[in-house]
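Let us walk through this structure step by step. Keep the 3D view open and follow along.

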Amino acid sequence: MRVVISVIGQDRVGIIAMVSGMLAQNQINILNINQNIMDGYFNMVTIADMGKSTIDLQTFQSLMKEKGAEYGVEIKVQHEDIFKAMHRI
């Protein structure tokens with residue numbers, strides 16, 4: 001299963017390390033990553049594969065939301081199909 005992870009918030013040191021570390025801890029593979037910083041705001045979108053994950057999607061969503069709050073950023077994890085349906089033109 002593929003997921004889309006979006007991270008938005010005030011830029012600070014360690015955001016990418018935190019997100020990639022959480023993915024690695026749960027055996028979730030990064031397939032694509034794009035990030036930028038505009039006027040001090042950090043924005044990242046990652047596509048990842050949870051096929052070999054040690055955690056289910058719902059638990060991972062909660063974990064990432066909590067971790068994001070600790071870092072002062074908003075982290076959303078969505079199943080790729082849901083993300084595509086929400087952003088279809």
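Start at the hairpin of strand 2 and strand 3, where 2 residues lie between the strands and Asp-39 takes a positive phi near 50 degrees. Keep in mind that this is a predicted model. Asp-39 is not a glycine, and yet its phi is positive. Where does Asp-39 sit? Its place is the loop between strand 2 and strand 3, the latter covering residues 41-49. Is Asp-39 buried or exposed? Asp-39 counts as exposed because its relative accessibility is 79%, and the cut-off for exposed is over 50%.

A second residue shows a positive phi. Gln-27 has a phi of about 55 degrees and is not a glycine either. Find Gln-27 in the loop between helix 1 and strand 2, which spans 29-38. Its relative accessibility is 47%, so Gln-27 counts as partly exposed.

Is Asn-26 buried or exposed? Asn-26 is buried, because its relative accessible area is 9%, and buried means under 20%. What does Asn-26 touch? Leaving aside neighbours within four places in sequence, Asn-26 is in contact with Ser-53, Thr-54, Ile-55, Phe-60 and Leu-63.

Strand 2 pairs with strand 3 in the antiparallel sense, over 9 bridges. In this pairing, Asn-34 stands opposite Val-45 of strand 3. Strand 3 also has a partner in strand 1, residues 2-10. These two run antiparallel and are joined by 9 bridges. Look for Gly-9, which stands opposite Phe-42 in strand 3. Then look for Arg-2, whose bridge partner in strand 3 is Asp-49.

Next, look at the two faces of strand 3. In a regular strand the side chains alternate between the two faces of the sheet. Which residues of strand 3 are on the covered face? They are Phe-42, Met-44, Thr-46 and Ala-48. The uncovered face of strand 3 holds Tyr-41, Asn-43, Val-45, Ile-47 and Asp-49.

Pick out Asn-43 from that strand. With 31% relative accessibility, Asn-43 counts as partly exposed. Which residues does Asn-43 touch, not counting residues up to four places away in sequence? They are Val-7, Ile-8, Asn-34, Gln-35 and Asn-36. Take Val-7 from this list. Asn-43 and Val-7 are 36 residues apart along the chain, but their C-alpha atoms are separated by 5.7 Å.

What is the order of its strands? The sheet is open, has 4 strands in the order 2-3-1-4, and its pairing is antiparallel. Strand 2 and strand 4, the latter at 73-79, are the edge strands, and each pairs on one side only. On average, neighbouring strands of this sheet are turned by 10 degrees against each other, direction ignored. Helix 2, residues 57-71, packs on the sheet and touches strand 1 and strand 4. The direction of helix 2 makes about 165 degrees with that of strand 4.

Now turn to charges. How many salt bridges are there? The count comes to 2 salt bridges. In one, Lys-67 meets Glu-70, and the closest N and O atoms are 3.7 Å apart. Both residues lie in helix 2, 3 residues apart, which is about one turn of the helix. Lys-67 counts as partly exposed because its relative accessibility is 24%. Glu-70 has 56%, so Glu-70 counts as exposed. Another salt bridge joins the side chains of Glu-74 and Lys-76, with 3.6 Å from N to O. Glu-74 is partly exposed because its relative accessibility is 47%. Lys-76 has a relative accessible area of 45%, so Lys-76 is partly exposed too.

End on the surface. Ile-16, Ile-30 and Ile-33 form a nonpolar patch there, and together they have about 210 Å² of accessible area. Of these, Ile-16 has its place in helix 1, residues 15-25. Ile-16 counts as partly exposed because its relative accessibility is 34%.

Notes: Residues are numbered from 1 along each chain as its sequence is written. This is a predicted model: local features need pLDDT of at least 70, side-chain atom pairs count only at pLDDT 80 or more; totals for chains, interfaces and linings use all residues. Side-chain values use heavy atoms; hydrogens and water are left out. Patches are made of residues with over 30% relative accessible area and no salt bridge: like charges are joined within 9 Å, nonpolar side chains (Val, Leu, Ile, Met, Phe, Trp, Tyr) within 5 Å. Accessible areas come from the Shrake-Rupley method with a 1.4 Å probe; for residues, only the protein chains shown count as cover. A salt bridge is a side-chain nitrogen of Lys or Arg within 4 Å of a carboxyl oxygen of Asp or Glu. Buried means under 20% relative accessible area, exposed over 50%, partly exposed in between (1.4 Å probe, protein chains only). Two strands pair if DSSP finds at least two bridges between them. Contact means heavy atoms within 4.5 Å. Axes are lines fitted to C-alpha atoms, for helices over the stretch in contact, and angles run from 0 to 180 degrees between N-to-C directions.
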